[in-house]
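Here is a brief report on one protein chain. It starts with the surface, moves to the overall build and ends with a single residue.

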Amino acid sequence: MSMGVPIAAWPMHSDQPQNTMLVTKVLRTGIAVKEWADRDELVTSSIINTVVRRLMASKEGDVMRERAMELGGAISKLGEEGGVTRMEFDSFIAHITRHVQ
């Protein structure tokens, strides 16, 4: 996501079904290669071909790529000086090293 590219989500275990839902339904920056309910079914080269073509060579894919680029840019800013992620990380480092000095 941080690289600004759409995702071909293929949930296999653990938190991946929820991540797939987040990427495909909430953020709308990817396509599920296979739904979790169909996890025992074979994924053929034809399915992969269809998903890649949808992501890379369709109006639907154009929208996803644009959205992914926007989100990727926003995520990058979080790690920059003054960004929330950077401030939280700096705070964490200060906390764990306060007794070391």
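The protein exposes about 7400 Å², and carbon and sulfur atoms supply 59% of that area. The model is a predicted one. Of the 101 residues, 23% are buried.

Charges come next. The protein carries 12 positive and 13 negative charges. Their mean positions lie 3 Å apart.

**Overall build**

The protein has 4 helices and 2 strands. Starting at the N terminus, the order is β-α-β-α-α-α. The radius of gyration is 18 Å, whereas a compact globule of 101 residues would come near 13 Å. Among contacts with a separation of 6 or more, 48% join residues 24 or more positions apart.

The table gathers values for the whole protein.

| Property | Value |
|---|---|
| Radius of gyration of the protein | 18 Å |
| Span of the C-alpha trace along the principal axes | about 60 × 30 × 20 Å |
| Distance between mean positions of positive and negative charges | 3 Å |

**A look at Val43**

Where is Val43 found? Val43 sits in the loop between β2 (30-32) and α2 (45-56). Is Val43 buried or exposed? Its relative accessibility is 16%, so Val43 counts as buried; the cut-off for buried is under 20%.

Which residues is Val43 in contact with, leaving aside its neighbours within four places in sequence? They are Trp10, Val33, Lys34 and Ile48. Trp10 is 33 residues from Val43 along the chain. The C-alpha atoms of Val43 and Trp10 are separated by 9.8 Å.

Terms used. Residues numbered from 1 in each chain as written. Predicted model: local features only at pLDDT ≥ 70, side-chain atom pairs only at ≥ 80, totals over all residues. Heavy atoms only, no water. Rg over C-alpha atoms; globule rule 2.2 N^0.38 Å. Buried < 20%, exposed > 50% of the residue type's maximum accessible area, 1.4 Å probe, protein only. Contact = heavy atoms within 4.5 Å. Areas by Shrake-Rupley, 256 points an atom, 1.4 Å probe, with all protein chains shown as cover. Lys, Arg positive; Asp, Glu negative; His and termini not counted. Charge placed at Lys NZ, Arg CZ, Asp CG, Glu CD.
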